[in-house]
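Trainee: I have a structure to read and would like to go through it feature by feature. Where do we begin?

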Amino acid sequence: MTDFAQAVKQQVDIVKIVESYIRLRKAGAQNYSGLCPFHKEKSPSFSVHAVRQFFHCFGCGVSGDVFTFVGKIENVSFPEAVRIVAQKAGIPLPKREFSSPEEAAEAQLRRKLLDLHEAAASWFEEQLRGPEGAVAREYLAGRGLTPEGIKTFRIGYAPDSFHELRDRLSGMADTETLRQSGLFSSKEQGDGTMGPLYDRFRKRVMFPISNESGRVIAFTARTLETGEKAGPKYINSPETPLYSKGQVLFNLDKAKLAIRQAEFALLVEGQMDCISVFLRGLPNVIATSGTAFTEHQVALLRRHTSQVAVNFDPDAAGANAAEKSIALLTEEGFAIKIVTLDDGLDPDRFIRERGVEAYKQAIRGARRQADYLIERARQMFPGASAEQKVKAMNYLLPHIRRIPEKLARDQFALDAAQKLGIDSAVLREELRQAALKRRERVESRVTALTEVERVLLRALAVTDPEFEASRRAASQAVQQQATYFEHLGSYPAMQLLAARGSADPMEVVADPAQRALLAEALLHETAPPEKKQVLGAVQEVEERWIEGRQRALRAQIAEAERFGDIGQVAALSREKMDLDRALRELQRPPEMEL
Ligand SMILES: [Zn+2]
């Protein structure tokens, strides 16, 4: 680890860094727990130790320090993880921070593009306030947006010009960088080269799209023209080094805190719906921007919740994307409810016409995914004929198979059979099979640690000078009487810890399985063990070893007697008597030592 990484690690709090990705609850004096972001689970087995500054998951076994966590969750290399952690903690980066010139160039390009987007967003906001923005202001007011709401979402206006934004930004970056920003277009020339840049967005209302930290990385632009000249109603920024459509959830930057507090996310289809719902007092709302959910978006969302209420437009156009999103979320273990609004209204109109209370009521009354799908199957295949029932069931089967939990699959299959009135044994069997199919991918592990091992590991990992006597007692026992300890599952970790000097316990144990055992012992501790407790544990290990050896000797002696091997019987008996004496000595009450 570099000096810089070491310094960063000393200054940051792993609890705060982890909390910027997932929800944590205080679970003990020194530790916090939450749902593991690295495997699917319903009850929390992911822990963070506030004092020792490491995390560990009892479900999938991952553990490590703050850099391991960020590296894994952001899927980046160690130097990149160090940089992210430093940035989150506001620690200035040293000059030499990149492992390669390409990496440095890429980071510089991204910074430049962020600056360009920030400047563009400010300029669009300015234009909305100006005389040319009048028609856009009128449109926004018509959609019920107040000036404060416009400011919150930084909504702007791109005037009817091919060069104003270009002229405005051309001093900030070279042509190639401007081209890569996606804010401009150009036409291919006769000789195959690209022509001059011109403004991509013209005469449109501009909705900025931000990344999770709230920086503008792209725009959605809505036309104000009608008729043939108008072009598509919405256009988006193209894919750029900053922006990839399937990797962003609209409004997640503003909604994430509220999502954690409400313990669910409200998912709507369009950005306008999202803005409207958010501004009227439901802050835990996000949007997919009209496309089906991607795995990347699921991963983004899972850091904050595993429950989603879906409120898509009821029209047929959105139904396909909605169904795909629901399928993916189900597969990824999310609990889903479906909100349906009266009279086929979209969230924006519903909330404007009926008010926010009625909307909240609709969300509370949202149907479970299974009920919703069964109802949909009945609507799509009405009637009581056997043929319709088979069709309805075939529609439901893939949905049932997708659900990770067996219990939920069983319940779904049972409900489906009942509500569709399926009495055929063959169909019922098929439903039962669908419920049986899927298996949990991650099975929770059973601990391999005994109570004495816990005590010894905790003593060996002592960093508090007050408990130095405990550490010394444990480390002497492990080093000087190795025979007694060798058979323990955590012996490799004990050996390393006994010889660690002043190094950080979590760092000297590199083997993941051994580190997991250590993490487990430390996460359950309240305070380090007292010396007396350590000596008790050492004695217990020794006694158990002796008792095990005695049992083996008794069997061997019996065996030797059966063969009439007198010499062997005598030798084994002597060894056994020595052990008997050693055990008596171990078990002698302390008073007799005086
Ligand atoms: Zn895990």
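Trainee: Which residues in H26 meet which residues in H27?

Mentor: Keep in mind that this is a predicted model. On the H26 side, the residues are Gln539, Glu542, Glu543, Ile546, Arg549, Gln550, Leu553, Gln556, Ile557, Ala560 and Glu561. They meet Gln568, Val569, Leu572, Ser573, Glu575, Lys576, Leu579, Ala582, Leu583 and Leu586 in H27.

Trainee: At what angle do the axes of H26 and H27 cross?

Mentor: Two packed helices are described by the angle between their axes and by the distance between those axes. Here H26 covers residues 531-562 and H27 covers residues 566-587. Their axes cross at roughly 160° and come within 9 Å. Angles over 145 degrees count as roughly antiparallel, and H26 and H27 are therefore roughly antiparallel to each other. The crossing of H26 past H27 is left-handed.

Trainee: How do H17 and H18 pack?

Mentor: Helix H17 (residues 386-402) and helix H18 (residues 406-419) have axes 10 Å apart, at an angle of about 170°. That makes H17 roughly antiparallel to H18. Met393, Leu396 and Ile400 of H17 make the contact with Arg409, Phe412, Ala413 and Ala416 of H18.

Trainee: Why is H11 described as largely enclosed by the rest of the structure?

Mentor: A residue counts as buried if 20 or more other C-beta atoms lie within 10 Å of its own. Helix H11 spans residues 271-279, and eight of its nine residues are buried, so the helix is largely enclosed. The buried ones are Gln271, Met272, Asp273, Cys274, Ile275, Ser276, Val277 and Phe278.

Trainee: What covers the buried residues of H11?

Mentor: The cover includes strands S9 (204-210), S10 (216-223), S12 (265-268) and S13 (285-287), together with helices H10 (252-262) and H14 (347-354). Just after H11, Gly281 has a positive phi of about 105°.

Trainee: Now the whole chain. How many helices and strands are there in the protein chain?

Mentor: The protein chain has 27 helices and 16 strands. Of its 594 residues, 36% are buried. The radius of gyration is 32 Å, whereas a compact globule of 594 residues would have one near 25 Å. The C-alpha trace spans about 110 × 75 × 50 Å along its principal axes.

Trainee: Which domains does the domain assignment give?

Mentor: The assignment gives domain 1 (3-88), domain 2 (101-243), domain 3 (247-365), domain 4 (373-437) and domain 5 (451-587). Taken over C-alpha atoms, the centres of domain 1 and domain 2 are separated by 36 Å.

Key
Residues are numbered from 1 along each chain as its sequence is written. This is a predicted model: local features need pLDDT of at least 70, side-chain atom pairs count only at pLDDT 80 or more; totals for chains, interfaces and linings use all residues. Helices (H or I, at least four residues) and strands (E, at least two) are DSSP runs, numbered from the N terminus. The radius of gyration is taken over C-alpha atoms; the globule rule is 2.2 Å times the number of residues to the power 0.38. A residue is buried if 20 or more other C-beta atoms lie within 10 Å of its own, exposed if 12 or fewer, and partly exposed in between; C-beta atoms are placed from the backbone. Domain bounds come from an automatic or database domain assignment. Axes are lines fitted to C-alpha atoms, for helices over the stretch in contact, and angles run from 0 to 180 degrees between N-to-C directions. Angles under 35 degrees count as roughly parallel, over 145 as roughly antiparallel, 65 to 115 as roughly perpendicular and the rest as oblique. A crossing is left-handed if the near helix is turned anticlockwise from the far one by less than a right angle, and right-handed if clockwise. Two residues are in contact if their C-beta atoms, placed from the backbone, lie within 7 Å.
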